[in-house]
Amino acid sequence: MSEQLEKLKEQLMEIDNLRSAAALLYWDQATYMPPGGATARGQQIATLNRISHEKFTSDRMGELLEDLAWYELESPYDSDEASLVRVTRLKYEKAIKVPSDFMAKISNHSAASYQAWTKARPANDFSTMLPYLEKTLELSRQLADFYPGYEHIADPLIDRSDEGMKAEQIRLIFSELRSKLVPMVNAITNQIATDVSCLHGDFPEQDQFQFGNMVIKQLGFDFNRGRQDKTHHPFMTKFSINDVRITTRSKDDDISESLFSTIHEAGHAFYELGINENFNATPLGSGTSSGIHESQSRLWENIVGRSREFWEFFYPKLQSAFPGQFDSVPIDQFYKAINNVERSLIRTDADEVTYNLHVMMRFDLELDLLVGQLAIKDLPQAWNERFRSDFGIVPTDDSNGVLQDVHWYSGTIGGAFQGYTLGNILSRQFYDRATQTHSEISTEIANGKFDTLQNWLREQIYRHGSKFTPNELIRRVTGNELSIEPYIRYLWGKYGQLYQL
Ligand code: ZN
């Protein structure tokens, strides 16, 4: 291997060390740090992020990449060397387009806006957030304008989390999906409501936590390379290829929240833990996009974790872990309860069928805001109108409406939401592909065996890390473009049976 390539890897390792240290500080802040540490912690994280950004956008990095450009011409496109140089170069070229003082401006504004939102949401006070959001919108547009030549102003913002995806491509897919989902939701919610009382009872936090750990261990989570802790908002983060952290939260009277968030975050962790070890501490060493990442968390949470087969294995274990709670609940009643479909106000609580309607309305509103068709001051009204037309109900107040998600209040407007629905669509497209090759997968799930599925996902998706863009990866894995057909077929099949449609 050339000396220059070794030098590049050394530089990238140093940058990755700084980023991992920042991630660890953030994890500690969200899990164990006493509240008094917040101010200093914010500064510490900001310092590490600034230094790693400076190192990554340095002239030295530019020179190294220039010296290594021949790898891209002479090595095969999917070779590790050419991919490392290509992916690092593309990230570098994008990073140097935005001046670091502008990034600092966005990050300071986000922190202030987030602070204000943590008070405004419980107070149901949108008016306080109005000036913050107007500034966020202005900064989001300016950020997009550092990448001139886009087709849609949202494209550069989408590209930050779902590289190469375009607003137009996503809008077409989403409007098709919406046209299929709205009648499905209507057909289901016209039925008699499902009895979900079996999900409520007395479930001590520690027992839920232990049960969740047992489940993900069975799925293949390696506790020598990861751990789970408790937080206010569940997330996954990574400090190295051999150290991945997930978090969960629970309610003592509800069995489902902690369990499914644990499986969801474990899905993210499986992706990161399955990446080729040689990519560690380089830009190839993490999942390729938010949509592909979400496809894995959703595949494990919903397609596997909410399936009848999965509970054939785990239901007896649940019954004995919580004595007295499920004794008189037949498995089918439990299965129906964890797949209950209802029109609800909050995205993060939504079921598989309605969830995407929440995401798509946010995506459309973002585009309207970015192109100037919608003003921030009219956003709550636009939110409520769209909600009425998609869900047939109107939010009781802004805290359960336009104020509910942190994304617009702590980041940019644009690029934040599409990944969730892309992930749902892809979860089924990938899963169908896996079961076409390995028809034994669903029988194995019913017997608590998950290695065939894990191995297939690792081989096809995980090990590549960021080597391929999402569109490239989808083509390689499925032989097709992104398509909603498998997902719609899955929803009609599963919910058609559950609700006798
Ligand atoms: Zn997720």
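Which residues does Phe310 touch, not counting residues up to four places away in sequence? The model I am reading is predicted. In it I find Phe310 touching Val215, Leu219, Ile263, Val304, Gly305, Ile445 and Phe450.

Next I looked up the core around this residue. Phe310 is among the residues with the most contacts inside the largest nonpolar core, together with Trp300, Trp311, Phe334 and Trp408. I note 122 residues for this core. Helix H15 (residues 352–370) contributes the most, 11 residues. Domain 1 and domain 2 each supply at least three residues to this core. Apart from it I list another core of 19 residues, including Leu12, Leu64, Tyr92 and Ala95.

Then I checked the domains. The chain is divided into domain 1 (2–123) and domain 2 (167–192 + 267–309 + 316–498). I note 27 Å between their centres, taken over C-alpha atoms. For contacts, I get 19 residues of domain 1 against 21 residues of domain 2. The area buried between the two domains is about 1700 Å², with 60% from carbon and sulfur atoms. On the domain 1 side, Asp80, Trp117 and Arg121 lose the most area to domain 2, together 33% of what that side buries.

Last, I went through the polar terms at this interface. The rule finds 2 salt bridges across it and 8 residue pairs in polar contact. Helices H1 (3–31), H5 (80–97) and H6 (100–120) each give two or more residues to the domain 1 side.

Technical notes
Residues are numbered from 1 along each chain as its sequence is written. This is a predicted model: local features need pLDDT of at least 70, side-chain atom pairs count only at pLDDT 80 or more; totals for chains, interfaces and linings use all residues. Side-chain values use heavy atoms; hydrogens and water are left out. A nonpolar core is a set of buried Ala, Val, Leu, Ile, Met, Phe, Trp, Tyr and Cys residues joined through side-chain atoms within 4.5 Å. Buried means under 20% relative accessible area, exposed over 50%, partly exposed in between (1.4 Å probe, protein chains only). Helices (H or I, at least four residues) and strands (E, at least two) are DSSP runs, numbered from the N terminus. Domain bounds come from an automatic or database domain assignment. Contact means heavy atoms within 4.5 Å. Buried area is the accessible area (1.4 Å probe) that two parts lose on being put together, summed over both. A salt bridge is a side-chain nitrogen of Lys or Arg within 4 Å of a carboxyl oxygen of Asp or Glu. A polar contact is a pair of N or O atoms within 3.5 Å; within protein, one must be able to donate a hydrogen and the other to accept it, and residues adjacent in sequence count only if both atoms are side-chain atoms.
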